[in-house]
Structures are given as structure tokens and as C-alpha cells.
Amino acid sequence: MSGSTAADCELCEAARFTHWYHEDELCWVADCEVCSVPMVVWQRHGASPSEAEVEAMLATLSAVAAARFGDGAFTIDRTMRQVPTHFHAHARDEHWWAERMSRAMSRYTGVGGERVTR
Ligand SMILES: [Zn+2]
Ligand SMILES: [Zn+2]
């Protein structure tokens with residue numbers, strides 16, 4: 001994907017450290033290392049994907065979050081606090097803040113499949 005990434009952007013770097021739920025040409029979904037909840041990240045560096053792309057990415061994130069937390073048991077957070085220049089969104093369950101420190105971190109075992117914690 002030459003030309004679509006930025007140096008020194010941790011989302012472009014896309015380190016495979018936590019569980020990866022999904023990856024396609026548009027986006028990838030993995031556990032956020034800070035929040036321990038699923039996060040969708042655009043494959044391209046930039047803050048403004050098209051509306052259709054945003055819709056598709058949030059749909060992918062919602063499907064992942066529904067599988068992990070249950071239907072309607074999460075909210076989509078589009079605030080780009082960590083990296084304001086690269087589109088990403090979190091799916092947060094209601095316990096994420098209280099449990100973010102105590103939840104076992106997941107680890108990368110390939111895209112999809114069982115979520116394995118450390
Ligand atoms: Zn980036
Ligand atoms: Zn996070």
C-alpha cells in the first residue's frame with residue numbers, strides 16, 4: 001500500500017500485538033492495546049474516509065463487537081483521541097473503563113479465529 005501510509009503513525013504501523021478480529025482491503029479490527037476493546041482502523045492514513053467507507057467500517061466493527069459483547073451491549077466511539085490524523089473507531093462495552101486495567105490482554109494469533117488472552 002505505498003503512498004497510503006505515514007511514517008511515525010502507530011496505526012499505519014499496524015503492529016500485530018493483540019487479537020486481530022478482521023482484515024480486508026478497507027480496514028482492520030483489533031483489540032486496542034490501551035482500552036482492551038475492539039477498534040477498527042482504516043487501511044489508509046487520513047482522517048476523512050468517504051461516508052460509504054465509514055459506514056462499511058463501522059458495520060464491520062459492530063459485527064465484531066456484537067460477537068464479543070452481545071447485540072446492543074456496546075457503543076461506537078468515533079473520537080480519535082490517540083491518533084487524530086488516522087481514522088479509527090472503538091466499540092466500547094459499558095465496563096471497559098472500570099476493567100481496562102484488569103482485563104487480560106489478548107494476543108495475536110492470526111486474523112480471525114479464537115480470541116486468546118495472555
Ligand atoms: Zn496512519
Ligand atoms: Zn483505545
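Predicted model: local features only at pLDDT ≥ 70, side-chain atom pairs only at ≥ 80, totals over all residues.
Cysteine 32 sits in the loop between β2 (27-31) and β3 (38-42), whereas histidine 90 belongs to strand β5 (residues 88-92), 58 residues apart. Helices (H or I, at least four residues) and strands (E, at least two) are DSSP runs, numbered from the N terminus. Cysteine 32 is buried, at 1% relative accessible area, and histidine 90 is buried, also at 1%. Buried means under 20% relative accessible area, exposed over 50%, and partly exposed in between (1.4 Å probe, protein chains only).

Next come the salt bridges, each a side-chain nitrogen of Lys or Arg within 4 Å of a carboxyl oxygen of Asp or Glu. The count comes to seven. One of them joins aspartate 31 to arginine 115, with 2.8 Å between the closest N and O atoms. Aspartate 31 is buried at 4% relative accessibility, while arginine 115 is partly exposed at 27%. Aspartate 77 and arginine 92 also meet in a salt bridge (2.8 Å, N to O).

Residues are numbered from 1 along each chain as its sequence is written, while chains are lettered from A and ligands numbered from 1 in written order. Local features need pLDDT of at least 70, side-chain atom pairs count only at pLDDT 80 or more, totals for chains, interfaces and linings use all residues, and side-chain values use heavy atoms, leaving out hydrogens and water.
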